[in-house]
Amino acid sequence: MLAWLNHYLFGYLSIEMTGFSPERFLNMCSVHEIELWKVINCGHSYQLFMTVQGFRKVKPLVRKSKVRLRILKKFGLPFFLHRNKKRKLYAAGFISFFLILYSLSLFIWDIEFDGNRMYTYDTLIKFCESEEIRYGMRKSNIDCDVLEEAFRTKFPEITWVSARVSGTRLLVKIKENEVLSEIPAKDETPCDIIAEKDGVITSMIVRSGVPMVAIGDTITQGQVLISGTLPITDDSETVINTHFVRSDADITARTEYHFTRQMPLFKKVDVETGKVRNGYYMKAFRFSFLLIRPKPEGTSWKRTMEEEQLHLFQNFYLPIYFGKITGKEYISYERPYTEEEKKLLSEDMNERHKKNLIEKGVQILENHVKILDNESLCQVAIDFVAEEPVGRREAVKMQRSEEPEETNHSNERN
């Protein structure tokens with residue numbers, strides 16, 4: 001690569017050699033360290049490449065070996081500039097291209113994050129914008145040390161961050177802590193446990209508090225299951241004081257869920273006609289340009305586009321995007337759903353509801369799906385019988401108890 005660049009900068013020639021002793025000429029060039037390459041024997045002549053400096057040194061060797069040299073073609077930057085010395089606009093455009101390229105290299109045109117799992121790309125980009133770090137800003141205005149400190153301050157879960165500018169890209173590598181940075185303080189606020197929904201209790205383990213229900217009882221939403229109020233009585237079962245605790249228990253109940261969803265009677269079907277329109281898309285800075293034939297009036301088309309950002313090297317990205325557009329014509333019509341399609345739709349609805357319940361920690365015991373169909377309406381009835389935790393903590397409303405009467409009497413005697 002270095003040799004080719006040297007040849008191009010100083011120029012080189014394609015030579016045809018004929019004469020009495022071409023082998024002697026080649027040997028003398030080797031002795032005098034004159035560079036020759038790609039020497040080809042064409043039978044009655046030789047073809048080879050030689051540098052401009054070497055061509056100027058071989059005149060004595062040509063006379064001694066009695067050969068003739070004929071220049072076939074000239075290559076390299078000196079000959080290119082000589083041929084185009086009168087094309088001022090061409091030269092200006094050539095120089096302007098490199099000036100523009102250099103100007104673009106002074107800015108950031110791509111931001112990449114690596115190692116982020118807890119935080120999305122959009123979240124991190126918005127934070128960078130709040131720190132005045134955005135696409136199109138000058139690289140010299142970016143302080144990577146300050147940016148790293150800002151990430152660690154804003155996101156406590158990020159334990160390590162490294163930011164660097166490479167080419168026209170800002171590369172940010174982060175490492176997130178998967179372990180809690182601190183143990184949450186234990187909440188000791190007195191509370192009851194109440195029912196979140198209706199059901200029948202199937203199991204109950206009480207660690208603190210007073211049980212107000214038992215296994216097999218039917219409960220309603222909002223009912224107190226475990227009380228955080230502990231009455232303190234004397235020998236005569238008279239309440240003399242009240243102690244409040246934070247109720248703690250695991251309570252599960254058998255619950256039911258009922259969903260009703262309407263289904264359309266007719267299905268819209270899109271059928272491709274086979275006609276395709278291809279086009280191209282280009283975006284530079286905030287300007288975009290579409291090159292595609294307009295669609296005929298009264299037709300419908302679906303477009304897909306593949307976009308790619310232009311870059312010269314791995315980390316030298318430019319604010320220029322190219323894309324290929326593919327348009328496919330289609331026609332639409334409506335037809336009634338078949339029984340099989342209705343069944344598939346109802347199963348899909350059922351699976352979505354089941355997935356949502358399972359994600360909430362609900363254990364499905366029974367599942368029934370019915371399709372209620374008539375001429376004007378189609379409904380899907382979905383029923384679940386489940387078992388799930390039903391307890392929810394609610395703060396105890398504490399009231400001050402009046403002092404016992406005997407205390408008041410003793411004060412009066414004193």
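Two strands are taken to pair if DSSP finds at least two bridges between them; strands (E, at least two residues) and helices (H or I, at least four) are DSSP runs, numbered from the N terminus. The model is predicted, with local features needing pLDDT of at least 70 and side-chain atom pairs counting only at pLDDT 80 or more, while totals for chains, interfaces and linings use all residues. Residues are numbered from 1 along each chain as its sequence is written, and side-chain values use heavy atoms, with hydrogens and water left out.

**View A. Strand β15 with its partners β21 and β9.** Strand β15 (residues 248–263) and strand β9 (residues 199–208) pair in the antiparallel sense over 7 bridges. Strand β21 (residues 378–389) also runs antiparallel to β15, to which 12 bridges join it. Arginine 254 of β15 stands opposite valine 200 and also opposite glutamate 387 in β21.

**View B. The open sheet of β5, β7 and β6.** The 3 strands are ordered β5-β7-β6, with mixed pairing. Strands β5 (110–114) and β6 (158–166) are the edges, each pairing on one side only. On average, neighbouring strands of this sheet are turned by 15° against each other, direction ignored. The pairing of β5 with β7 (residues 169–176) is parallel and spans 5 bridges; within it, glutamate 112 has leucine 171 of β7 as its bridge partner. Helix α7 packs on the sheet, touching β5 and β7 (contact: heavy atoms within 4.5 Å), and its direction makes about 125° with that of β5. Helix α8 lies across β5, β6 and β7 and runs at about 155° to β6. Axes are lines fitted to C-alpha atoms, for helices over the stretch in contact, and angles run from 0 to 180 degrees between N-to-C directions.

**View C. The crossing of helices α7 and α8.** The axes of α7 (residues 121–130) and α8 (residues 144–154) come within 11 Å and cross at roughly 120°. The two helices are therefore oblique to each other (under 35 degrees is roughly parallel, over 145 roughly antiparallel, 65 to 115 roughly perpendicular, and the rest oblique). Leu124, Phe127 and Cys128 of α7 make the contact with Ala150, Phe151 and Lys154 of α8.

**View D. The annotated span 89–109.** An unreviewed UniProt entry annotates residues 89–109 as "transmembrane region"; such positions are given in the numbering used here, feature names are shortened, and annotations may be inferred rather than shown by experiment. The end C-alpha atoms of this span lie 29 Å apart, and the span is 76% helix and 0% strand.
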